[in-house]
Amino acid sequence: MTDPFIEVKELSVFYDGTTPAIRRVDLTVDEGEFVAILGPSGCGKSTLLHVLGGLLEPSGGIAEIQGRRLGGSVTGLPPIGYVFQDHRLLPWRTVAQNLEIVLAAAGIPKEEWETRIDRYLKMLQIDRFRSVWPMRMSGGQRQRASIARALAIDPAVVLMDEPFSTLDEVTARTLRQELLEVWGQSRRTVLFVTHSIREALFLADRILVLTRGPAEVLTEVTVDISRPRIYEDPRLTEREAALVDLVMEPWEHTAASGEAP
């Protein structure tokens, strides 16, 4: 049995040293797996990704990627791609120039830049926007560019923080399907944060459900529906209803009890 690609044990994060954001979180993700982190708004999902992305120090417990512990002056980590809720493209740089910035930061040899940029812009179906300023693109096109930017460094793991939550539903459905097609080609390890049960069921191999903040793992669900999936599949509707029933009482209880968000 191989070791998990990502492993988190008893992880806790406190704001200002006293207010808990997440506490005692345990999870594992295998290489090439697509795992969704599901939880209500404000429960600590983004905080968990920030720790795994090296943006935030854990207050307690451990978080490891490929056996390398995060925190402090850790070195030798595999490349990590990050897709945020908003696209975070620099508006004064073209799409290609935005990708060049991360390629340079990742130490990718300059002679490889053109090939990588072409590959991922074509994969995300936005190669015609290569020389376009981001603010002249639609929201969906900008999110495609942000995904291309994350993939261009050839990451071992991609962290995605509610990347489709600000889009209209028609665009979001299209991008979910395209994301799965890209994942099928690259088979990168993906950890995808969402508060949408249907989105998690459509995308993921497994779903880790968090409580309201401070987050703990409430339950784990394996999505036993073969791929490719259809968004209107009645099996997704059935599992969505079952998952709503499972999480409703714990989420409502913690909200009513006044625990920290």
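Start by selecting Glu216, which is partly exposed at a relative accessible area of 22%. Here, buried means under 20% relative accessible area, exposed over 50%, and partly exposed in between, using a 1.4 Å probe and protein chains only. Keep in mind that this is a predicted model, where local features need pLDDT of at least 70, side-chain atom pairs count only at pLDDT 80 or more, and totals for chains, interfaces and linings use all residues. Residues are numbered from 1 along each chain as its sequence is written, and side-chain values use heavy atoms, with hydrogens and water left out.

Glu216 sits in the loop between β9 (206-210) and β10 (217-222) and Arg23 in strand β2 (residues 19-29), so the pair ties together parts 193 residues apart in sequence. Helices (H or I, at least four residues) and strands (E, at least two) are DSSP runs, numbered from the N terminus. A salt bridge means a side-chain nitrogen of Lys or Arg within 4 Å of a carboxyl oxygen of Asp or Glu, and the structure holds 21 of them.

Next, pick Arg188 and Asp154, a salt bridge with its closest N and O atoms 2.1 Å apart. This one links distant parts of the chain: Arg188 is in the loop between α5 (169-186) and β8 (189-194), and Asp154 in the loop between α4 (139-152) and β7 (157-161), 34 residues apart. Arg188 is buried at 17% relative accessible area, while Asp154 is partly exposed at 35%.
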